Amino acid sequence: MTDDATPSAAPSAAAPSGGKPQIDTTRTHSARIWNYWMGGKDNYPIDRAAGDQVAEFFPEIVDLARTSREFLVRVVTHLTGEVGIRQFLDIGTGMPTANNTHEVAQSIAPESRVVYVDNDPLVLTHARALLVGTPEGATDYVDADLRDPDAILEQAARTLDFDQPIALMLMGILGHIPDDELQPIVSRLVAALPSGSYLASYDGTNTSEAYNQAIEVGNKQGDVPYLLRSPEAVAARFEGLELLEPGVVPCPLWRPHIEGARKGLDQYGGVARKP
């Protein structure tokens, strides 16, 4: 899920049939840990303890979490303010925190329409409660799995006009998808978008031995493995599209607002236009 390349965590208990999700505060949850690293409040002591343990092992994880959100803000700001995009399909929402996609887009263009997609009942519960958009625009939530792009597209069409450009956001989510499934999923989603749409995406990369070890340990403990790939593999998902400058680079280096020292370089991302 978006902002959720967490090297330790197990999902919380699922909801009973027909009921609300049961939040198990005795088990860590990857989205809540990521929320903690980004300075959010939707987490519990067990999540903060786990987050602190990972940060001791790999301190840069906090920088990765925060620079990934900064990347999202810069991307949405550019697409809304400079390009004129008014529709966003954000797949892998993660836990709501500051500067969510709809907040950034609708602060620039209140009429913007945003559809969030996730299949975690805890995330969706928080999203529906906290991600409230402007009266002029629209904010919707789709309960679907990234591995079922047709279901996502069908439900997103309730809110988005697929005859007009859409920004497809795949932020930190494709690391959960095996190699043989990744490109078919991306291609199916991009194929449904009209000309002038954009793909924005980042993921963790295997550019740091400490990060590699942290993810390896986390994958042994968690239920949903996360795959670190090379920067070249991240770039491959944009094949056939027109990459915006500066291309696929460490997230802090994608059109930074402030020049200077950067941290959290082990995530690569980019933005590309569909011709």
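The crossing of helices α1 and α2 is right-handed, meaning that the near helix is turned clockwise from the far one by less than a right angle. Helices here are DSSP runs of H or I with at least four residues, strands are E runs of at least two, and both are numbered from the N terminus.

This is a predicted model, where local features need pLDDT of at least 70, side-chain atom pairs count only at pLDDT 80 or more, and totals for chains, interfaces and linings use all residues. Residues are numbered from 1 along each chain as its sequence is written, and side-chain values use heavy atoms, without hydrogens and water.

Back to the pair. α1 covers residues 30–37 and α2 residues 45–57; they pack at about 70 degrees, with axes 9 Å apart. That makes α1 roughly perpendicular to α2, a label for angles of 65 to 115 degrees. Axes are lines fitted to C-alpha atoms over the stretch in contact, and angles run from 0 to 180 degrees between N-to-C directions.

Which residues of α1 meet α2? Arg 32, Ile 33, Tyr 36 and Trp 37 do, and among their partners in α2 are Ile 46, Asp 47 and Val 54. Contact means heavy atoms within 4.5 Å.

Now helix α4, residues 101–108. Thr 101, His 102, Val 104, Ala 105 and Gln 106 are buried there, that is, under 20% relative accessible area with a 1.4 Å probe, protein chains only. These buried residues pack against α3 (60–83) and the strands β1 (87–91), β2 (113–118), β3 (138–143) and β4 (167–171).

Finally, the whole chain. The protein chain has nine helices and eight strands, and 55% of its 275 residues are buried.

Definitions and conventions:
Angles under 35 degrees count as roughly parallel, over 145 as roughly antiparallel, 65 to 115 as roughly perpendicular and the rest as oblique. Buried means under 20% relative accessible area, exposed over 50%, partly exposed in between (1.4 Å probe, protein chains only).
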